[in-house]
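Subject: Structure handover

Hello,

Here is the structure I said I would pass on. My notes on it follow below.

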Amino acid sequence: MHRRTLLSAFASLPLLSVPMIAGAQEGRLVQVTASQEGARATITQQGENRFLLEVTRLGFNIGMPPSSRFNIGMPPAERLQGFDGRSVMGQEVTVSVGSNTAWIIIESMTFGDFGSGGARGRLEIEVNGRTAGLGFLLPVASAAAALGADAMGRGGEGRLSMGGTQLGFLLENVG
């Protein structure tokens, strides 16, 4: 009798863990890792039109918090029309947050290049969904990974420029 109970308990363990893992990754939309800076930026969807940017330091930094989190204040939806993920492919996009600026060239949905000051490097990109404004979120996450958590500071006003198009946004530090 006890053996049967024990075996049924073990058999149900994988079934219990699968929904928890899927639920934890369900909201992740974009993840970008910069090769040179040692930073990873992840954007998760927090509601229909709300997004959270988390910039994580890779490696060990004594006394530094492991990550910074920002609510992304998006431009109005009408400004994002036609600004999908494919529209930024191969384009040089400049992203500024405060006094820090990075240029980004997204070559595909899996990799790209960046430059900031004298630093240059590669971006590893992972996109787990499609949403309106993906062409806006991809460069913001890429710049956050390229600039690193320290350069993102306390957040504030940002600007994204591509060709003749400029979009303003706001990063609200949430910890």
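Asp113 is found in strand S7, in what is a predicted model. Is Asp113 buried or exposed? Its relative accessible area is 19%, and the cut-off for buried is under 20%, so Asp113 counts as buried. The side chain of Asp113 makes a polar contact of 2.6 Å with the side chain of Arg122. With neighbours up to four places away in sequence set aside, Asp113 is in contact with Trp103, Ile104, Ile105 and Glu107, and also with Gly121, Arg122 and Leu123. Ser142 is 29 residues from Asp113 in sequence, and their C-alpha atoms are 9.0 Å apart.

Strand S7 covers residues 111–116 and pairs with S6 in the antiparallel sense, over four bridges. In that pairing Gly112 of S7 stands opposite Ile106.

Strand S6 (residues 100–106) pairs over six bridges with strand S5 (residues 92–97). Here Thr101 in S6 is the residue opposite Ser96. The hairpin of S5 and S6 has two residues between the strands, and Gly98 takes a positive phi near 60° in it.

Next is helix H3, which runs over residues 134–152. How far does H3 span between its end C-alpha atoms? The distance is only 20 Å, whereas a straight helix of 19 residues would span 27 Å at 1.5 Å a residue. H3 also has a kink of about 70°, centred on Ala146. Of the 19 residues of H3, 17 are buried, so the helix is largely enclosed by the rest of the structure. Just after H3 comes Gly153, which has a positive phi of about 55°.

In soluble globular proteins, nonpolar side chains tend to be buried together. The largest nonpolar core in this model has 45 residues. H3 gives the largest share of this core, with 13 residues. Which residues have the most contacts inside the core? They are Leu53, Phe136, Leu138, Met152 and Leu160.

The side chains of Ser67 and Glu54 are joined by a polar contact of 3.1 Å. Beyond its neighbours within four places in sequence, Ser67 is in contact with Glu54, Val55, Thr56 and Arg57, and with Gly175.

Last, the chain as a whole. The protein chain has three helices and 10 strands. Along the sequence they follow the pattern α-β-β-β-β-α-β-β-β-β-α-β-β. Of the 175 residues in the protein chain, 39% are buried. Among contacts with a separation of 6 or more, 51% are between residues 24 or more positions apart.

Regards

Conventions
Residues are numbered from 1 along each chain as its sequence is written. This is a predicted model: local features need pLDDT of at least 70, side-chain atom pairs count only at pLDDT 80 or more; totals for chains, interfaces and linings use all residues. Side-chain values use heavy atoms; hydrogens and water are left out. A polar contact is a pair of N or O atoms within 3.5 Å; within protein, one must be able to donate a hydrogen and the other to accept it, and residues adjacent in sequence count only if both atoms are side-chain atoms. Contact means heavy atoms within 4.5 Å. Two strands pair if DSSP finds at least two bridges between them. The expected span of a helix is 1.5 Å times one less than its number of residues. The bend at a residue is the angle between axes fitted to the seven residues ending there and the seven starting there. Buried means under 20% relative accessible area, exposed over 50%, partly exposed in between (1.4 Å probe, protein chains only). A nonpolar core is a set of buried Ala, Val, Leu, Ile, Met, Phe, Trp, Tyr and Cys residues joined through side-chain atoms within 4.5 Å.
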